[in-house]
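Here are my notes on this one, written as numbered points. Have a look at the structure first, then read on for the pockets, the sheet and a helix pair.

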Amino acid sequence: MPAMNHRVSTLEDLLILERNLAYSLGAMSDLDAALKTLLETCLTIEGIDCGGIYRMDSTGACDLVLHRHHSPQFIQAVQHFGAESWEAQRVQEGKPIYLQLQSLTLPEMKALWGVEGIRAVAVIPIAHAGHVVICLNVGTKTTDGIPLLIRQCIESIALHSGSVLARLHLEEELRETQ
């Protein structure tokens, strides 16, 4: 994987990053370590400088399990979304969501992002067998949007990570029940 101080921005770098992540995740046996590797890898992509990972429970609720480069106040406000919330329902649809600060219509969310300095976010559901299991949220505090090449890379990472993360989740559940 690229060094953390190297910002990945070219197509070649992004393909190498994706391949190396796939190898790393495939060799892992711990879900928490895999989620950390996933998020840390995304944070090496040019323009992506903050993020978090949510686990989806059986009801469809989202719980933040890992985050980087956010304030405690921001984390408290976004740590849980109930299954009935607009956010959780959108994630359960399984389609990537791209939001920009300037186009947000919810005043409380716009204010929260503004204080945090977030200018754009990618919300990427990670699914396996048609069910969303993880949601990767990454954002930028430096640009007003997430470029198409970066979107495609993050979506590809999510697509290829779903089966590995689902396997690790099942293995974790089996260990807990034994």
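1. A term before we start: a pocket here is an open set of grid points with protein on both sides within 12 Å along at least five of seven lines. Keep in mind that this is a predicted model. By that definition, the second largest pocket comes out at about 180 Å³.

2. What sits around the centre of that second largest pocket? Of its 14 lining residues, Met56, Asp57, Ser58, Val132 and Val133 are the closest to the centre. Three elements each put at least two residues into this lining, namely S1, S6 and helix H6 (148-177). The biggest contributor is S6, with four residues. Sorted by class, the lining of the second largest pocket has seven nonpolar, five polar and two charged residues.

3. Now for the largest pocket, whose volume is about 480 Å³. It is lined by 31 residues, and those closest to its centre are Leu99, Trp113, Val121, Val123 and Asn137. Elements giving two or more residues to this lining include the strands S1 (50-56), S2 (62-68), S4 (97-100), S5 (120-128) and S6 (131-140). The helices that do so are H3 (72-78), H4 (86-92) and H5 (107-116).

4. Six strands make an open sheet with antiparallel pairing, in the order S3-S2-S1-S6-S5-S4. Its edges are strand S3 (80-81) and S4, each of which pairs on one side only.

5. S1 and S2 are antiparallel partners joined over six bridges. Within the sheet, methionine 56 stands opposite cysteine 62 in S2. Met56 also turned up above, among the residues closest to the centre of the second largest pocket.

6. Last, the helix pair. How do helix H1 (residues 11-26) and helix H2 (residues 31-42) cross? Their axes come within 10 Å and cross at roughly 170 degrees. Since angles over 145 degrees count as roughly antiparallel, H1 is therefore roughly antiparallel to H2.

7. As for what touches what in that pair, H1 brings Leu17, Leu21, Ser24 and Leu25, and these meet Ala34, Thr37, Leu38 and Thr41 in H2. By class, the contact of H1 with H2 has five nonpolar and three polar residues, and no charged ones.

Note on methods
Residues are numbered from 1 along each chain as its sequence is written. This is a predicted model: local features need pLDDT of at least 70, side-chain atom pairs count only at pLDDT 80 or more; totals for chains, interfaces and linings use all residues. Side-chain values use heavy atoms; hydrogens and water are left out. On a 1 Å grid over the protein atoms alone, a cavity is a set of points where a 1.4 Å probe fits but cannot get out, and a pocket is an open set with protein on both sides within 12 Å along at least five of seven lines; lining residues have an atom within 4 Å of a point. Grid points are joined across faces, edges and corners, and a volume is the space filled by probe spheres set on the points. Ala, Val, Leu, Ile, Met, Phe, Trp, Tyr, Cys and Pro count as nonpolar, Asp, Glu, Lys and Arg as charged, and the others, Gly among them, as polar. Two strands pair if DSSP finds at least two bridges between them. Axes are lines fitted to C-alpha atoms, for helices over the stretch in contact, and angles run from 0 to 180 degrees between N-to-C directions. Angles under 35 degrees count as roughly parallel, over 145 as roughly antiparallel, 65 to 115 as roughly perpendicular and the rest as oblique. Contact means heavy atoms within 4.5 Å.
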